[in-house]
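This report describes selected features of one protein model.

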Amino acid sequence: MRNFRHRLTRAQQRAYDRSNATASIPLRPTPRLRHAVASLPEVLRSADAAHVERTAQVIADEIATALRVPRMRIVVSGVRPSNARGELHGLYTPAANGTGVLKVWMHTAKRGQVVAFKTFLRTLLHEICHHLDYALLRLDGSFHTDGFYKRESSLFYQIGGPTAEDRGS
């Protein structure tokens, strides 16, 4: 796929380049954050959307507090929306006051199954990274650059991944 950077305005190109150049976000996970991440697989298996939402909110709150950025509101919904292009896993909507709403879906579109722990956590962190692009890095846009995906992975490994489940044990 060809890079679309050339179609961006100069200001957007600067945001794109800064995003691409930032490969990690140093985070000191709290015990509460580690506990929420460790409990997430069982919480997901319960298929209780309200419980999953509360656990995801703790994860987001702990990351926001540690990084001193405004909190975001987490919404966990049921079946992922889908079309011919695929399924939507998550969606971040920034708000004018520096907060944002982060929506993630917990059931696959085709089979209606609860998504796997690693997939759910990665989606949650992906959307949190969009929030951090605005609130922490102060970017004018949040682009899916190589740096963006590296930041997502950086957060994943800092907060408790991979687990025995990820290794197939």
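## Salt bridges

Asp-61 and Arg-71 form a salt bridge whose closest N and O atoms are 2.8 Å apart; the term denotes a side-chain nitrogen of Lys or Arg within 4 Å of a carboxyl oxygen of Asp or Glu. Because Asp-61 lies in helix H3 and Arg-71 in the loop between H3 and E1, the pair ties together parts that are 10 residues apart in sequence. Helices (H or I, at least four residues) and strands (E, at least two) are DSSP runs, numbered from the N terminus. Asp-61 is buried, at 13% relative accessible area, whereas Arg-71 is partly exposed, at 48%. Buried means under 20% relative accessible area, exposed over 50%, and partly exposed in between (1.4 Å probe, protein chains only).

The model is predicted: local features need pLDDT of at least 70, side-chain atom pairs count only at pLDDT 80 or more, and totals for chains, interfaces and linings use all residues. Residues are numbered from 1 along each chain as its sequence is written, and side-chain values use heavy atoms, with hydrogens and water left out.

The structure holds four salt bridges. One of them joins Arg-151 to Asp-133, with the closest N and O atoms 2.8 Å apart. Arg-151 belongs to helix H5 and Asp-133 to helix H4, so this pair connects parts 18 residues apart in sequence. Arg-151 is buried, at 0% relative accessibility, and Asp-133 is buried at 0%. Glu-152 and Arg-122 also meet in a salt bridge (3.9 Å, N to O). Here Glu-152 in helix H5 is linked with Arg-122 in helix H4, 30 residues apart; both residues are buried.

## Packing of H3 and H4

The axes of H3 and H4 are 11 Å apart and form an angle of about 40°. Axes are lines fitted to C-alpha atoms, for helices over the stretch in contact, and angles run from 0 to 180 degrees between N-to-C directions. The two helices are therefore oblique to each other; angles under 35 degrees count as roughly parallel, over 145 as roughly antiparallel, 65 to 115 as roughly perpendicular and the rest as oblique.

In the contact (heavy atoms within 4.5 Å), residues of H3 including Val-52, Ile-59 and Leu-67 meet residues of H4 including Phe-120, Leu-124 and Leu-132.

## Positive phi values

Arg-68, in the loop between helix H3 (49–67) and strand E1 (73–79), has a positive phi near 55°. Arg-68 is exposed, at 78% relative accessible area.
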